[in-house]
Amino acid sequence: MTRTAAIRGAPVLLGAGLLGAGCVAWAAAPLVNSGWAGFALFLAILGVAAGALRLVLARVPTPEETYLLSAPARFWLKFLDVLRLVPWEEGALVAILWLEVLHPAPPWHTAVLGAALISYLLVTHLAESGASPEALRPQARVLAIGAGLLALGAGAGMIPAVGPGAGSALLRLVAAGALIAAAGLVLPYVAAPAPPTAPGPPGSPGSWSSGRGTPGGR
Amino acid sequence: MSSSTAPNERLLRVPGPELALHWRSSRHARRLLTLSVAGVFIALLARRPEFAGVAAPALLLLAGGGSGRTQRRPARISVRVRPSATRAFEGELVALDVRAEGHGDSHVRWTLHPGPDIDPGDLTAADGPQARFTFTPERWGRRQIGTMDVVLRDRWRLAEGHLTVTLPKLDCYPAPADQRTTVVLRRLPNRLGEHPARTSGEGIEFFGVREYVPGDRQRSINWPASTRRGRLQVNTFAAERSQDVVLLADATSDVGVPGSSALDLALRGAAAAARAYLEGRDRVGVITYQWGGVSWLGPGLGRRQLYRIIDSMLASDSGYARGASFRRLPRAALPPGALVVVFSPLLDQRFVETLRDMRERGFTLLVVDVLNDEPPTRWRREDRMAKRIWRMEQEAIRFSLRELGVPVVHWDGVQSLDLPLAAHTRRPLAARR
């Protein structure tokens, strides 16, 4: 990766790392000692840290010929392979949710965590694909509905149970599920494909329409 | 040979070959799936509806991608790749234009993976159906530019179509070193050129004064000399001749750090010499000596000859090519009376014997020693002694050539070639018999 590209992608990388760290801190505080909480915290930190490291080292080139490499170079390549193959973020997600379950947190706490997790996933995707935030514009309306459902889920969690039995909790779950299903039904109308547009605005990376001949006006 | 900065749009309008895409779910989709499944599972297990809310945005995004399956995912796209030049010198900037067609409304991302000895510019990735990358070849030779990864992403960024395009090869010429002065023989063949010869003729350089004879031009009368001697005297001028120059590149040994090895320096020096002598209207040819034989290009004139010479040297890079025997080279390759400029590390004893043989046949040789490296040694006494012996052998080789009347100058590849050649460019080079 060239220096210019690295500098350009640094804010997104930093954002992904900070969001991941924030999610872990939000789900872990205050520390509990039950239900393998320590192990879950370890997994969450490992997943977020390794995921951030994977993003940082994503564009480090690997040599095609690996036959006559020194032991440190071979170890480095093996490390890069493992770092790129393992789904660190998925592991971190599960561990963070596990930490959240272990806490007797109020529903709004979980809703904030949900919003942060979705943001973490979106920013991580932007960082690994090198795309601009504009790429997420077609999903904005769906994300808005998702945020509404997140709030409704938190609200459903805060409604006091009608009775002490398991049926009451199940009823609330069914209500939440029905809400999600309803949102899914209106989805085709909300997420209609946008009309075809020009390849990109003048001067955008990779575009010739700027008349300067090189991407980014170089 | 320099690359144009304007995109080669006319060529890119021609549709390129259609290539198959491999579609698969993206990492983003897998992460969303993990979040939604984990959220729903925990909501059911812990009976906490807020976790269903956590899963909801991810589920909606996945469902949106599912409902968006009507979006066309092309199985094949047309990719056109055009470098701005197929030949370039070391360190020269070359542009690479790429264009995709038939991608529908998918988002296209290009990522350049440069090949060995290719230095990419600032931009190694670009978005959009067409893009321009720049790169610089760092070392001479037939270079693979690299590969281009093309990734198509659907609107929801849940599926990715991958494609790798192998980029074309580039002929990279050695960057000629800096050389402005040339070595000129004392005896020049009777052919019009730009070097003042040691006979009178129709040049512009003053040669001498002689007595007027009928038929001399009036404008060449030297009036001060005529006044002094009492008879008409006329100025005479030196004839201008050209010479045949044969560059002899030794490709048998390639020692040193890649990029400044003996072979690198030999090729750069030979390219510089070819350019300098061709600019002086000399006929220049090249002989490349390597294991298994030699390849040659007869002396010629003009700028095109420079590229022919470099092409000839690069074509000899195969290492095991079988050419004509050195002793059986025709006169066209090695004309009698030619100046032979040799670029060699003088490590191959057979090559040194060949030089001695040429000298004994009457050729005027000038050797540019391009050896700038020594064998690695440890601090053992035997190793140090072996290194001393090796140095003495090298000095003996150079001494024996000098004794035969072959000047040997050392060039480090950094400074201008004019500096080591200065002692021989000031005055015409005489071939001792």
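Which residues form one aromatic cluster with B:Phe89? B:Tyr173 and B:Tyr307 do. This is a predicted model, where local features need pLDDT of at least 70, side-chain atom pairs count only at pLDDT 80 or more, and totals for chains, interfaces and linings use all residues. Residues are numbered from 1 along each chain as its sequence is written, chains are lettered from A and ligands numbered from 1 in the order in which they are written, and side-chain values use heavy atoms, leaving out hydrogens and water.

**Aromatic pairs**
- Over all chains there are 7 aromatic pairs (Phe, Tyr or six-membered Trp rings with centres within 6.5 Å; planes under 30 degrees apart are stacked, over 60 edge-to-face, the rest tilted).
- B:Phe89 and B:Tyr173 pair edge-to-face, because their ring centres are 5.6 Å apart and their planes sit at 75°.
- B:Tyr289 and B:Phe351 make a tilted pair, 4.9 Å centre to centre with 50° between the planes.
- B:Tyr289 is buried, and B:Phe351 is too.

**A loop residue**
- B:Ser220 sits in the loop between β14 and α4 of chain B, and is buried at 15% relative accessible area.
- Beyond neighbours within four places in sequence, B:Ser220 is in contact (heavy atoms within 4.5 Å) with B:Gln233, B:Val234 and B:Asn235.

Methods:
Helix = DSSP H or I, 4+ residues; strand = E, 2+ residues; numbered from the N terminus. Buried < 20%, exposed > 50% of the residue type's maximum accessible area, 1.4 Å probe, protein only.
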